[in-house]
Amino acid sequence: MLLSGQEQFLSYNGEVLIFQLSPPNPVEGAADKRVDLCVRRMTFSRDTKLFVQKSSGVFSLRGRPLKTEIVCCSCTADSRTGIILPCILMKQKKRNNVVKYLLLFLHSSNQFEQSLQFTLDYELKEDVRLFAGPSVLWRHASKLFYISASTCTVLSAPVQLSSVVWTGEIQEEGPVVLGIRTACLTEGEAEAELSASDRAIWGTELFGYAVKAQKMLPGTCFMPHAYGRVVSSVCVCKSETWRRQLRTSLVAVTHKNQLIWFQDGLPRGVCELPYEEPCSVKAAVTSSSDVLFVVSFASGNVCAVQRRGSLQVASKWQDVKCVLVDDFIGSGSEQLLLLFRDDSSAEVLSTFTITDLGAVSYASGNNYKDNVAAAEGLQENGLLTVQALQTRLQAGCTAVRELQQHLGLKQRVLLQSCKALEDLVEGRTHVLPTAKEVKCRGDDRSLLGLVPLWDDVENPPPPPPLGQEMPVAQQAPERLVESLWQRVVGDSLVVGVQLAAAFHLSLSAASLSLVLDQDSSLAAPVIKCRNRVTKLERACSALPLSPCQTEPPAKKMKLDLCGKSDLRKEVPWGCVGAGLGAGRAVTAVPSLSPLLAFHRVRCAVLLRAKRQAPPGDSLQQSREISLLCGKIALSLEDISNGKHSVKLQRENGYCTGSMEDVLAVLAVSARFSFQVVSAACTLAPVTSWLLGAMECTPLKECPDKLFCHKAGNVHGTVLSWTLRNPLEGVLTLFCRNLTVLFQCLHSLRRALPAGCDVKLLRSSSKDALTEQLALALEKEMLTSRSSLFSKESKAESTSAWGDVPAKDMSAAAVAALLESEEGVEQFRKKLQSEQDQSKLSMAQTMAAALYQEMTWKRAAAQLSSDMAVWRLS
């Protein structure tokens, strides 16, 4: 909606600023040499329901009035102070087709300040915008130009565009321009001959350009490619960067007389507009927290679109001179101010409407004196509503306080439990507070009627005298841990415990816990981490990639139902029978970033496991143990100096490093196993792929595993390749994330010959496999029960033996029948009939098809349970 170059309207902090150009008073000087820029601050009076002038100001310019115009005005931020101020762009025509432009700031004292001045040999007519700085941006000859107060030089953006649809600020990008340009097609698309309809759709696109960063933003972040041809104006409602990806919410008006709402680059709603040629759209947040989209048309019409579930036109107006969005009545929310054309009145703000399409509605010419009684009634109702809301607020505050007390009680219980765990780790005796101590401290547990879970012991038992054997629970634990180590891998801390050879054979369900030495009130003493038990075999051969013929696994494996087996054995495919030794390690992997908040961290490492009874000893039972393995220290200085870094280097065809480094890399990686099968040729290309494309070298400490030295994301990936036979093998990858896995598989598929099949071998933990077995056995039981008691098995009975169920006869009825001979005969017939029905129910028949279906179901259920048993074995 275009306004006259001699008059402009702008809203600023609820005020209406009216800028007008007028010649000065003839007494002051020559009228043809100077011109005055006048500003009037108008505020809405809620008493008179009219706009009144608050203040005014004047700025004098040298030049002829007929050659001076107001180009545009907007509220922009001053880069010196960050304060948003009204900004006006003035134009003055000079001789020799030279045009002078002035950019002025208006301060709260109505004083104008010249911020920028520049000259051009052409007039700014297309897509002139003002943004923070202040800066001026415009389009000329399909190019984008801009100038700011800091540079004072006209700069050109390296883009070609046909129109500018939006300018504004986007998080982490600064000032951004959205424009329409000719699509940049690929070489294949450019060579292909597109039809007229396809060229009309795909030949134009929307793009974004960050002015300060001088970089392009993909238009697909805002809307799909095909919409770029029809968009005429855009209003970006929200923009944020989440996980390095720009997320936006915006509305756009099109040449097809539509308003479309886009969310993260996808259309979410559309609304047909009531008029043609929409030229601009802006958003307003009303008192009901509803968003109104105000669309202006070239004909002077305006409509408001609401978004309540779906987009719909809420109201429309005609003959509108200007529409502004601001809080004009001081209610804390935004309203629409519509200024209508009125030739009968010389006053600027004589005909207007203020509305938010809700409770707020003011219009010029209305008599509000008749509504005083109604207003008083509304005031009384409002008072009653406020009192009710205050009562609800007090009740809510009481509930919040009770919830806070409950949460505080939970926190104290957790802290007391953590202190008990710390005492257990340190070997100290934990003493619970007695009820008297709790009351003396004024603890809330006494007020809430809570009692400790353990009995208060007034006189604890004295320690045993010298020479007497201590109880089993108080004996010093035997040396069962060989070493304790730690490594830093990426954003993870790996803490490992190497178990003694004689110890890990009788251990199951092992896990590590890390307990902070810091004050428990600052953070949770027990660190959240994930555990893994790893067993590595030192292979006998230094050439892990050579084919090693092994026997396939047995088809039947015995299931240990007694639970006396040791830890799960992760024996790799290969020659492990003549190994040089094996190591069992338990690792814990917590996140490193939260620990570094303390700058220096000391943790106690606690091993929890289940100690199994010796074989052949039926008197002893398995028992759970808690073993203090030692303490670790961590600081930012150590990490910066690389003290705990993984050091795996390529040397003489091997990847050298300690076993702890290998275990740390495996602990932070996810394991994936794939079966590679080739029907036509051998799998020799896999070995070439590992040594060539992947640049793998065997780990010196564990030669059956290979370390990838290829640059990029796949660096640091551990692989293991084993041939079951020349046509079949198993490839195991230890990857940091799925992206690395997909890259490795993509490279592998390119190296494999045609006809090879790669299949994922799913591996699960013991608990998951146990749960699968339980579900399979339950399904088998339900299948057997349903086959025995199914209604279909009764469909083809030999006779209708169950026509009417017999009712139990009372003792009096039986005695009455037995008194006469006819009664005895009747009772005999009834008894014989019941015996015949019982025999028929025990000898039912079944159709062959139904029996076959039931047999197949039972066989499938048994096969599923057998497979679960095989996986668990």
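The side chains of E205 and R181 meet in a salt bridge, with 3.0 Å from N to O; the term stands for a side-chain nitrogen of Lys or Arg within 4 Å of a carboxyl oxygen of Asp or Glu. E205 lies in strand β15 (residues 204-210) and R181 in strand β14 (residues 174-182), so the pair ties together parts that are 24 residues apart in sequence. Both E205 and R181 are buried, where buried means under 20% relative accessible area, exposed over 50%, and partly exposed in between (1.4 Å probe, protein chains only).

## Basis of the values

The model is predicted, and local features therefore need pLDDT of at least 70, side-chain atom pairs count only at pLDDT 80 or more, and totals for chains, interfaces and linings use all residues. Residues are numbered from 1 along each chain as its sequence is written, while side-chain values use heavy atoms, with hydrogens and water left out.

## Other salt bridges

The structure holds 18 salt bridges. D127 pairs with R139, the closest N and O atoms being 2.7 Å apart; D127 lies in strand β9 (residues 126-131) and R139 in strand β10 (residues 135-140), so this pair ties together parts that are 12 residues apart in sequence. R139 is buried, with a relative accessible area of 13%.

In the salt bridge between D78 and R80, the side chains meet at 2.7 Å, N to O. D78 counts as buried at 4% relative accessibility, whereas R80 is exposed, with a relative accessible area of 55%. Salt bridges that share partners also join E69, K91, K93 and E123 into one network.

## Backbone features in loops

A cis peptide bond, with omega of about 5 degrees, joins G133 and P134, and P134 has its place in the loop between β9 and β10.

E172 is not a glycine, yet has a positive phi of about 65 degrees; this residue is found in the loop between β13 (163-170) and β14 and is exposed, with a relative accessible area of 62%. E695, likewise not a glycine, has a positive phi of about 55 degrees; E695 lies in the loop between α9 (684-691) and β40 (696-698) and is partly exposed, at a relative accessible area of 33%.

## A positive patch and a covered helix

K33, R64, K67 and R95 form a positive surface patch, a patch being made of residues with over 30% relative accessible area and no salt bridge, with like charges joined within 9 Å and nonpolar side chains (Val, Leu, Ile, Met, Phe, Trp, Tyr) within 5 Å. K67 is found in the loop between β4 (50-62) and β5 (68-77) and is partly exposed, with a relative accessible area of 40%.

Helix α8 (residues 659-667) is mostly covered, eight of its nine residues being buried: M659, D661, V662, L663, A664, V665, L666 and A667.

## The chain as a whole

The secondary structure of the protein chain comes to 14 helices and 44 strands, taken as DSSP runs numbered from the N terminus (helices H or I, at least four residues; strands E, at least two). Buried residues make up 38% of the 873 residues.

The accessible surface comes to about 51100 Å², of which 53% belongs to carbon and sulfur atoms, as given by the Shrake-Rupley method with a 1.4 Å probe. Among contacts (heavy atoms within 4.5 Å) between residues at least 6 apart in sequence, 54% join residues at least 24 apart.

Terms used: Lys, Arg positive; Asp, Glu negative; His and termini not counted. Charge placed at Lys NZ, Arg CZ, Asp CG, Glu CD.
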